Amino acid sequence: MDRKNRRLAHRAPAIAVLAATAVLGAMSPPADAAGRAAGTGPAAASPRVPLRVATYNIHAGAGQDNVFDLERTAAAIRDLDADVIGLQEVDVHWGARSDYTDEARELAGRLHMRVFFAPIYDLPADTADGPRRQYGVAVLSRFPVRDAQNHEITRLSTQTPDPVPAPAPGFAEVTVKARGTLVHVYATHLDYRADPSVRRAQADDMLAVLAEDRGPKILLGDFNAEPDAPELARLWGPLRDAAPDGGKTYPAVGPVKRIDVVAVSPDVTVARTHESATAASDHRPVVADLLLRRHSH
């Protein structure tokens, strides 16, 4: 199956997930967040559209202490005050480690945000009448989501014996309408193994998806490699690292690597970035304040 057809194959269930959680989008964000996201005050006169984004590997809701506490996770995300957040290691009825919780829906409800969940793994339930066990990435948004897709990229499965690299889902794309401006936001989680070959293939696959889209683009993810790793080199040109001088992000306590990355297309201006020193996961989240060119649609 060619890549275009693979995209279409995953589009229908992706939209279904978004529709199932649309009720969460009807809730209003807190007044201060809504005001900042809308660009009120001095920023309103700017010809650019402000957008705060973040990437966060939530460790399936467990902190650096390995204790599952989804309210702690939600509080850490809330403190970021981001308009759009890409999440990695999201469990949906996955197992006992996260109390079989639908973390995507639960976090969206607690944070009053829209959500799109893109499973990497979609496995049968543990019991005959239980929900399917899913694990993947998600995107939370304060703004309306006009489209959402779960793309395939090369993966080396952790759920099968003797895996070989093969296309698999879990590369999320949402098209967000931020104050009339459409922006493509992608959430990814790259391979963790020491061998860089799968990450190199994943970088190529992601670039092929991005090449089909026009307008501003934002890639949020746990790259499992530092941005200067050779296997990621092809990303830089079509995209740029939003925080080339940013701090380390993994592990959350005493971090030694910067593997959690916000990357943007050249038409996106980066105003500032920072990492949050929370231990609600084993990763630190990265936040970027961006300015988008204003477009009418």
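Predicted model: local features only at pLDDT ≥ 70, side-chain atom pairs only at ≥ 80, totals over all residues.
Biologist: Why are β5 (145-155) and β9 (240-241) said to stand at the edges?

Modeller: The open sheet has six strands with mixed pairing, in the order β5-β6-β7-β8-β10-β9. β5 and β9 each have a single partner strand, so one side of each is left without a neighbour in the sheet.

Biologist: How do you know that helix α6 (residues 197-211) packs on the sheet?

Modeller: Contact means heavy atoms within 4.5 Å, and α6 touches β5, β6 (166-178), β7 (181-189) and β8, with its direction making about 150° with that of β5.

Biologist: Which residues of helix α4 (residues 70-80) are called buried, and why do they lie on the same side?

Modeller: Buried means under 20% relative accessible area, and Leu70, Thr73, Ala74, Ala76, Ile77 and Leu80 are buried in α4. They cover an arc of only 160° around the axis, which puts them on the same side of α4. Among the elements that cover these residues are β1 (48-57), β2 (84-92) and α5 (103-111).

Biologist: What lines the largest pocket, and which residues lie nearest its centre?

Modeller: The lining of the largest pocket consists of 30 residues, with Glu89, Tyr135, His189, Tyr192 and Asn224 nearest the centre. β3 (114-123) and α6 each supply at least two residues of that lining, and about 660 Å³ of space lies in the pocket.

Notes. Residues numbered from 1 in each chain as written. Heavy atoms only, no water. Buried < 20%, exposed > 50% of the residue type's maximum accessible area, 1.4 Å probe, protein only. Helix = DSSP H or I, 4+ residues; strand = E, 2+ residues; numbered from the N terminus. Arc of directions from axis to C-beta. Pairing = 2+ DSSP bridges. Axes fitted to C-alpha atoms, helices over the stretch in contact; angles between N-to-C directions. 1 Å grid on protein atoms, 1.4 Å probe; cavity = no way out; pocket = protein on both sides within 12 Å on 5 of 7 lines; lining within 4 Å. Points joined across faces, edges and corners; volume = space filled by probe spheres on them.
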